[in-house]
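Here is a short report on one protein chain. Look over the sequence and the structure, then read on.

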Amino acid sequence: MDDNLHRHYMAMALRQARMAAEDGEVPTGCVIVHRDPASGHARLVGAAHNQTERLRDPTAHAEMIAITQAANALGDWRLLDTVLYVTKEPCAMCAGAIVLARVPLVVYGVPDPRRGGISVFNLLDRPELNHRSATLGGVLADECRTLLQGFFSDRRDGGGYPAGGSATVSNQ
């Protein structure tokens with residue numbers, strides 16, 4: 001896929017992230033695109049945003065929900081011939097799910113230098129694991145960073161968190 005397509009799909013992930021922010025969730029969005037190897041036709045098979053507060057579920061990250069949607073759409077837990085786009089580098093949990101789902105390429109907006117499943121734990125490229133995913137970071141990074149920073153700035157300035165939420169923020 002070329003840079004224009006990566007930006008196009010990341011813009012879709014950003015729309016999902018904005019939906020999360022409107023719901024008071026950490027603004028992370030994810031879309032998964034499947035490209036049919038025979039025809040080359042690409043289609044969206046998953047689109048989600050963080051819903052941990054809404055569902056009261058610590059696993060309800062955008063990537064986890066989108067992976068479930070994609071598996072249902074494709075009728076297989078192996079997400080071969082897909083690209084996962086996410087606005088913020090996946091955490092260790094999501095990176096583990098990406099490995100298990102065998103996603104070949106992960107494109108993300110901004111890194112998470114404190115908790116990132118790629119930059120901190122290197123989970124997508126570990127030779128000990130059964131699958132490795134290629135990664136491409138920095139796609140629409142400025143837009144992704146601005147959304148995250150604005151969200152956390154609002155929270156620090158009195159917006160607060162839903163009951164049980166956390167004000168801990170990594171330097172995005």
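Which backbone oxygen does the side chain of threonine 82 reach? The backbone oxygen of leucine 79, at 2.6 Å.

## The model

This is a predicted model: local features need pLDDT of at least 70, side-chain atom pairs count only at pLDDT 80 or more, and totals for chains, interfaces and linings use all residues. Residues are numbered from 1 along each chain as its sequence is written, and side-chain values use heavy atoms, with hydrogens and water left out.

The chain has a mean pLDDT (the predictor's confidence in each residue, from 0 to 100) of 92. Of its residues, 91% reach 70 or more. In residues 163-172, the pLDDT is below 50.

## Threonine 82

Threonine 82 sits in strand E3, residues 82-88. Strands (E, at least two residues) and helices (H or I, at least four) are DSSP runs, numbered from the N terminus.

Threonine 82 counts as buried because its relative accessibility is 2%. Buried means under 20% relative accessible area, with a 1.4 Å probe and protein chains only. Leaving out residues up to four places away in sequence, threonine 82 touches Ile32, Val33, His34, Leu74, Val103, Pro104 and Leu105. Contact means heavy atoms within 4.5 Å.

## The cores

A nonpolar core is a set of buried Ala, Val, Leu, Ile, Met, Phe, Trp, Tyr and Cys residues joined through side-chain atoms within 4.5 Å. The largest one has 25 residues. Ile32, Ile67, Leu79 and Leu84 have the most contacts inside it. Elements giving two or more residues to this core include E3 and helix H3 (62-74). H3 gives the largest share, six residues.

A second, separate core has 20 residues, among them Met12, Val33, Val110 and Leu148.

Key: Buried < 20%, exposed > 50% of the residue type's maximum accessible area, 1.4 Å probe, protein only. Polar contact = N/O pair within 3.5 Å; in protein donor to acceptor, adjacent residues only side chain to side chain.
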